[in-house]
Amino acid sequence: MNKVGVNHHFSVGLVIGGKDLAKERKLLDKCNILICTPGRLLQHMDENPLFDAMNLRMLVLDEADRILDLGFEKTMNAILENLPQERQTVLFSATQTKSVRDLARLSLKNPIYVSVHENAKHTTPDTLVQSYVVCEAHSKVNLLWSFIKSHKQQKILVFMASCKQVKFTCESFCRMRPGVSVMALYGSLHQLRRMEIYDEFCRKNHVVMLATDVASRGLDFPNVNWVVQLDCPEDVNTYIHRAGRTARYQKGGESLLVLLPSEKESMVEQLKNRKIPIEEIKVNPSKLYNMQRKLEAICARDVNLKDSGQRAFKAYLKNIFLMKDKTVFDVTKIDAELYARSLGLAFAPRIRFLEKHLKASGKVFETKSRPFDEKEYLKETINCSDESDDDLLKPKESTHLDPTSGEESEGKQIMKPKKPLTKAALAKRILKKKIKPNTITKFDENGEPIREVCGKPVPVVAPELHKQLLEEGYSIEKAKLLKEKEDEVDKLLYKERVKSKHREQRLKEKEKRRMSKSGAAARLKEPEVSEHLKKFHTVCSRCNFYSEFFFLTCR
């Protein structure tokens, strides 16, 4: 608007959250085009008695389907009450609403619906290449890391389900240094901070930005090469807006949708019903990294990052649980234990809200705990040196299964899922094993246990007797033997302490004697020299000749 308004006689005002409210209030009377968010505009209407919108001629709603949604219903109703009835109303959106109820709220009379791509073959632009990949929840982090490492020279926008996921993923990826700038944009950030991140992302050419749906609408990111939807969108409209961040204004771009096996069938069908061309591709396993061990090490060192990972874990499952379309989203199909380990967590945190709901509905949500298989981990972990950007993703190959070959062997035993281990049960196990918790045992170079006495390491006396007392219980005879041996060691330690004290005293006395001798010698020489100097000083003050002569005789 500023570029266009140079050659015209109109003024534009910006009213958004995070700005100076008093400064905005002064500018409201000086502009004839107002660009604002609904919440901030309603705040000015409520708090500024001089604000008057009765001269309004045109109301424009961008992203109209989102603004007229239930989340903004009360705000929009309050704003419309303060606007004149005689006005022109224009709605813009890539997924326009046709709800009679929404249009009636805006007091539209004989509305005209204009569709730019109404007769087009596809809903999305032809320059947008769209594909999807099927991936388990515990492999998403590995897939994203491998994708970033294979596309370092491109501009990537990654969408995730919640703010906590974005924050944890950004922090952990920055710690592991992927070789490209990684930034995060989510709703809980301050408005000014979000604007800084937006400007920085627009300015750079090789960068990765992790974002929530706050970046899916109303933001124009230039030259985005890839849009990766790591978590399945809520519906087809959300998918269209996310994918619309690339291939803008006759430019090309690519979109990748990551789906769980339980989400594939229903979501792909919905996309094809909306005339969205999308094809399945497969991941090249030779280009896939396994980042589980690195994440575990980082989370073990940093408690704050570990807590952030736990919050991200719960936020993802809660987001899946609260989705309306249950034909696509099923939280019980996710292996929570493996997903928690993929985030670097030692075990899956307890999800109380999910347990209560499923218990009330007669279902059980259990974490499938599996032991660590080192051979499988070494097989999956691949240190690939070739980081070309066209080998990670490849088209799906047609596979034909032989119906005669049985996939499941008859000799396999069906393992019943184990119940989650409670803290009380874990404490009982520790007591049965006779493990003494919260104890620290130190060892010397030879592997013998040691303990600290008066700040010095001392070997443990008779470690076998100690072990027997712990295992077999208290015995007076063994306690006497242990006491006698400890007394012998204590006597030796006491003698060494006395010897060291005597040695220190002797050194101090020797130092005093040396200092006293040197001080006495200095005191004997000092008076003679000082008297001569005084005499020379009184004579030498008369003339320079005598001063030089007496100085020489003094020497």
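This is a predicted model: local features need pLDDT of at least 70, side-chain atom pairs count only at pLDDT 80 or more; totals for chains, interfaces and linings use all residues.

User: Why is Arg-352 called exposed?

Analyst: Its relative accessible area is 53%. Exposed means over 50%, so Arg-352 is exposed. The residue lies in helix α14.

User: What makes the surface around Arg-352 a positive patch?

Analyst: Arg-352 gathers there with Lys-164, Lys-167, Arg-311, Lys-314, Lys-318, Lys-356 and Lys-423. Lys and Arg count as positive, so the patch carries positive charge. Patch members also need over 30% relative accessible area, and Arg-352 has 53%.

User: Which elements give two or more residues to that positive patch, and which gives the most?

Analyst: They are α7 (163–176), α12 (303–322) and α14 (352–360). Helix α12 gives the most, with 3 residues.

User: What makes the other charged patch negative?

Analyst: Its members are Glu-484, Asp-487, Glu-488 and Asp-490. Asp and Glu count as negative, so this is a negative surface patch. Glu-484 is found in helix α18 (residues 476–540).

User: Why is Ile-35 called partly exposed, and how do you know that it can belong to a nonpolar patch?

Analyst: Ile-35 has a relative accessible area of 39%. Ile-35 is found in strand β2 (residues 33–36). With Met-1 and Leu-14 it forms a nonpolar patch on the surface, with about 280 Å² of accessible area together.

User: How many salt bridges does the structure hold, and why is the pair of Arg-217 and Glu-63 called one?

Analyst: The structure holds 15 salt bridges. The side chains of Arg-217 and Glu-63 meet at 2.9 Å, N to O. The limit is 4 Å, so the pair is a salt bridge. Side chains of opposite charge can pair when their charged atoms come close.

User: What makes Arg-217 and Glu-63 a link between distant parts of the chain?

Analyst: The two residues are 154 residues apart. Arg-217 is in the loop between β8 (207–211) and β9 (226–229). Glu-63 is in the loop between β3 and α3 (64–67). Glu-63 is buried, because its relative accessible area is 15% and the limit is 20%.

User: How do you know that Lys-264 and Glu-280 form a salt bridge, and what does the pair tie together?

Analyst: Their closest N and O atoms are 3.4 Å apart, within the 4 Å limit. Lys-264 lies in helix α10 (residues 261–273) and Glu-280 in strand β11 (residues 279–283), so the pair ties together parts that are 16 residues apart in sequence. Lys-264 has 25% relative accessibility, so it counts as partly exposed.

User: Why is the pair of Glu-355 and Arg-350 called a salt bridge?

Analyst: Their side chains meet at 3.1 Å, N to O. That is within 4 Å, so the label applies. Glu-355 is partly exposed, with a relative accessible area of 25%.

User: Is Arg-177 buried or exposed, and what is noted about its phi?

Analyst: Arg-177 has 69% relative accessibility, over the 50% limit, so it counts as exposed. Its phi is near 55°, a positive value in a residue other than glycine. Arg-177 lies in the loop between α7 and β7 (181–185).

User: Is Ala-247 buried or exposed?

Analyst: Ala-247 has a relative accessible area of 7%, under 20%, so it is buried. Its phi is positive, about 55°, although it is not a glycine.

How values were computed. Residues are numbered from 1 along each chain as its sequence is written. Side-chain values use heavy atoms; hydrogens and water are left out. Patches are made of residues with over 30% relative accessible area and no salt bridge: like charges are joined within 9 Å, nonpolar side chains (Val, Leu, Ile, Met, Phe, Trp, Tyr) within 5 Å. Accessible areas come from the Shrake-Rupley method with a 1.4 Å probe; for residues, only the protein chains shown count as cover. The place of a charge is taken as NZ of Lys, CZ of Arg, CG of Asp or CD of Glu. Helices (H or I, at least four residues) and strands (E, at least two) are DSSP runs, numbered from the N terminus. Buried means under 20% relative accessible area, exposed over 50%, partly exposed in between (1.4 Å probe, protein chains only).
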